[in-house]
Amino acid sequence: MLSRKQKHVLLKFFSMFSVVRGYNILVVVLAQYLTAVYILAYNKPLRQVILDVNLLLLVLSSAAVIAAGYIINNFYDSEKDLINRPLKSKLDRLVSQNTKLSFYFVLNFMAAIMASYVSFQAVLFFSFYIFGIWLYSHKLKKLPFIGNLTSAILTITPFFAIFMYYKNFETVIFVHAIFLFLIISMRELTKDLENIKGDIAQNYSTIPVVYGERTSKLMLSVLALATLMPMYLLVFYFEVGLMCLFFYLSFCLLLVFLIMLWLSKTKIQYLILHNILKFIILVGVFSIVLLDVDVILNRI
């Protein structure tokens with residue numbers, strides 16, 4: 001049996017894990033490594049990529065900055081989250097705001113130190129990334145369009161760190177990035193619909209608050225239709241191997257998403273839509289291995 005003190009420490013650990021959304025960070029770390037192995041450094045020996053210390057430090061720097069970003073976002077959104085996510089907010093509040101801010105600065109400092117081992121350019125990259133996350137959390141997220149656009153850009157920014165490291169400028173990479181950007185943009189707008197009650201209470205000028213739910217649904221429909229172009233190019237123009245199965249699945253899920261979108265009115269319905277988009281992103285990460293199923297055997 002755990003003692004009372006041990007239970008308290010364990011609860012604080014889970015609270016901090018909830019604040020930094022550790023599960024999301026683990027997915028990003030996995031996605032960065034899979035992107036490096038299967039897309040950006042596909043012509044290098046697998047062992048060389050996996051054991052590359054510079055890649056490891058870039059991935060760890062990204063993880064640290066993302067964790068710090070979730071902390072500062074949680075700090076500014078604490079009142080709104082009490083309305084939109086009361087249970088999660090209760091868990092998050094087990095750790096004091098001062099402790100969270102201390103972790104915020106420590107994580108960003110660690111990211112800069114790790115990036116400095118790679119290059120000065122890496123330090124500059126992560127410095128701008130840190131500033132961008134702070135500016136978004138403090139000011140930009142309350143603005144319609146700008147907040148959604150900035151959030152989507154910041155979400156895919158860690159992949160540019162790996163992209164710049166390998167200097168791979170193939171067109172297929174940009175098409176993959178466009179598809180991911182569109183899905184993330186849809187997720188952010190759907191999240192605004194889900195959180196509209198708290199946004200109104202805290203005077204957040206999000207798209208649903210300013211322009212209404214119908215306009216938001218029209219924008220989501222346009223974004224969903226826009227994903228057809230990168231999906232078509234990736235399936236029929238570029239060589240993506242068995243990953244084409246993922247894009248067929250994505251097409252079907254987006255069709256379901258659009259039908260449900262125009263029938264949705266409540267928070268729980270928007271939450272389901274949000275989870276559909278999260279599922280597409282998660283499956284997309286694991287489906288990267290389908291680009292070349294023989295990659296492990298051929299590159300060891």
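Tutor: Gladly. Let's begin with contact, which means heavy atoms within 4.5 Å. Helices and strands are DSSP runs, numbered from the N terminus (H or I, at least four residues, for helices; E, at least two, for strands). This is a predicted model, in which local features need pLDDT of at least 70 and side-chain atom pairs count only at pLDDT 80 or more, while totals for chains, interfaces and linings use all residues. Residues are numbered from 1 along each chain as its sequence is written, and side-chain values use heavy atoms, with hydrogens and water left out.

Student: Which residues of helix 13 and helix 14 meet?

Tutor: From helix 13 come Ala-224, Leu-225 and Ala-226, and they meet Leu-228, Met-229 and Pro-230 of helix 14. By class, this contact has 6 nonpolar, no polar and no charged residues. Here Ala, Val, Leu, Ile, Met, Phe, Trp, Tyr, Cys and Pro count as nonpolar, Asp, Glu, Lys and Arg as charged, and the others, Gly among them, as polar.

Student: How are the axes of helix 13 and helix 14 placed?

Tutor: Two packed helices are described by the angle between their axes and the distance between the axes. Axes are lines fitted to C-alpha atoms, for helices over the stretch in contact, and angles run from 0 to 180 degrees between N-to-C directions. For helix 13 (residues 213–226) and helix 14 (residues 228–236), the axes come within 4 Å and cross at roughly 15 degrees. Helix 13 and helix 14 are therefore roughly parallel to each other. Angles under 35 degrees count as roughly parallel, over 145 as roughly antiparallel, 65 to 115 as roughly perpendicular and the rest as oblique.

Student: Where does helix 9 bend?

Tutor: Helix 9 bends by about 40 degrees at Pro-158. The bend at a residue is the angle between axes fitted to the seven residues ending there and the seven starting there. Helix 9 (residues 146–166) has 21 residues and reaches 30 Å from first to last C-alpha, close to the 30 Å expected at 1.5 Å a residue. That expected span is 1.5 Å times one less than the number of residues.

Student: And what should I look for in the phi angles?

Tutor: Most residues other than glycine have a negative phi. Phe-145, in the loop between helix 8 (120–138) and helix 9, has a positive phi near 70 degrees. Lys-167, which follows helix 9, also has a positive phi, near 55 degrees.

Student: Is Ser-61 buried or exposed?

Tutor: Buried means under 20% relative accessible area, exposed over 50%, partly exposed in between (1.4 Å probe, protein chains only). Ser-61 is buried, at 0%. This serine lies in helix 4 (residues 53–76) and, leaving aside neighbours within four places in sequence, is in contact with Ala-111, Met-114, Ala-115 and Phe-126.

Student: What does His-274 touch?

Tutor: Beyond neighbours within four places in sequence, His-274 is in contact with Arg-187, Thr-190, Lys-191 and Glu-194. His-274 lies in helix 16 (residues 267–286) and counts as buried at 8% relative accessibility.

Student: How does Phe-181 read in these terms?

Tutor: Phe-181, in helix 10 (residues 171–194), counts as partly exposed at 22% relative accessibility. Not counting residues up to four places away in sequence, Phe-181 touches Leu-149, Ala-152, Ile-153 and Ile-156.
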